[in-house]
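Subject: Structure handover

Hello,

Please find the structure below.

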Amino acid sequence: SLELLLIDFAVILVENFDQLSEQDKLEIFDLVEKNIKNDDYVGTAFLTGFIETIQNVSSKEQYKKIEKYFGKETLLIANELIEFWGI
């Protein structure tokens, strides 16, 4: 499923984030921003499969590096997740 694919992608992204080019980081999170706003399966998959996985597998320091690339909507949703889970 798309959600499982995004989970795997998020894990790989966290593990290799520092090796990605600036352009790759911008393109990845632009794609996330464009899709996370959808009120359908795709938006939910990006939320639970990608953003939530990033939050769960990254250290606080790593998450701060990644979070800088979140778009406005992505950051809003990610912060709501953090509040919901009490992280």
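The model is predicted, so local features need pLDDT of at least 70 and side-chain atom pairs count only at pLDDT 80 or more, whereas totals for chains, interfaces and linings use all residues. Residues are numbered from 1 along each chain as its sequence is written, and side-chain values use heavy atoms, with hydrogens and water left out.

Overall layout

The protein has five helices and zero strands, and its pattern along the sequence reads α-α-α-α-α. Helices (H or I, at least four residues) and strands (E, at least two) are DSSP runs, numbered from the N terminus. The C-alpha trace spans about 30 × 25 × 25 Å along its principal axes. A compact globule of 87 residues would have a radius of gyration near 12 Å, and the protein agrees with this at 12 Å. That radius is taken over C-alpha atoms, and the globule rule is 2.2 Å times the number of residues to the power 0.38. Of the 87 residues, 39% are buried. A contact means heavy atoms within 4.5 Å; among contacts between residues at least 6 apart in sequence, 64% join residues at least 24 apart.

Salt bridges

There are three salt bridges in the structure, each defined as a side-chain nitrogen of Lys or Arg within 4 Å of a carboxyl oxygen of Asp or Glu.

One joins the side chains of Lys65 and Asp18, at 3.3 Å from N to O. This pair links distant parts of the chain, 47 residues apart: Lys65 is in helix α4 (residues 60-67), and Asp18 is in the loop between α1 (2-16) and α2 (22-36). Lys65 counts as partly exposed at 36% relative accessibility, and Asp18 is partly exposed at 46%.

Another is between Lys34 and Asp30, whose closest N and O atoms are 3.1 Å apart. Lys34 and Asp30 are about one helical turn apart because four residues separate them in helix α2. Lys34 is exposed at 55%, while Asp30 is partly exposed at 37%.

Lys64 and Glu67 also form a salt bridge through their side chains, at 3.8 Å from N to O. These two lie three residues apart in helix α4, so about one helical turn separates them. Leaving aside neighbours within four places in sequence, Glu67 is in contact with Leu75 and Asn79.

Helix α3

Helix α3 (residues 41-57) has 17 residues and should span 24 Å at 1.5 Å a residue; its end C-alpha atoms are 23 Å apart, which agrees. The expected span is 1.5 Å times one less than the number of residues. Among the buried residues of α3 are Gly43, Phe46, Phe50, Ile51 and Ile54. What covers the buried residues of α3 includes α1, α2, α4 and α5 (72-85). At the N-terminal end, Asp40 caps α3, with a side-chain oxygen 3.1 Å from the backbone nitrogen of Val42. A polar contact is a pair of N or O atoms within 3.5 Å; within protein, one must be able to donate a hydrogen and the other to accept it, and residues adjacent in sequence count only if both atoms are side-chain atoms.

Regards

Conventions:
Buried < 20%, exposed > 50% of the residue type's maximum accessible area, 1.4 Å probe, protein only.
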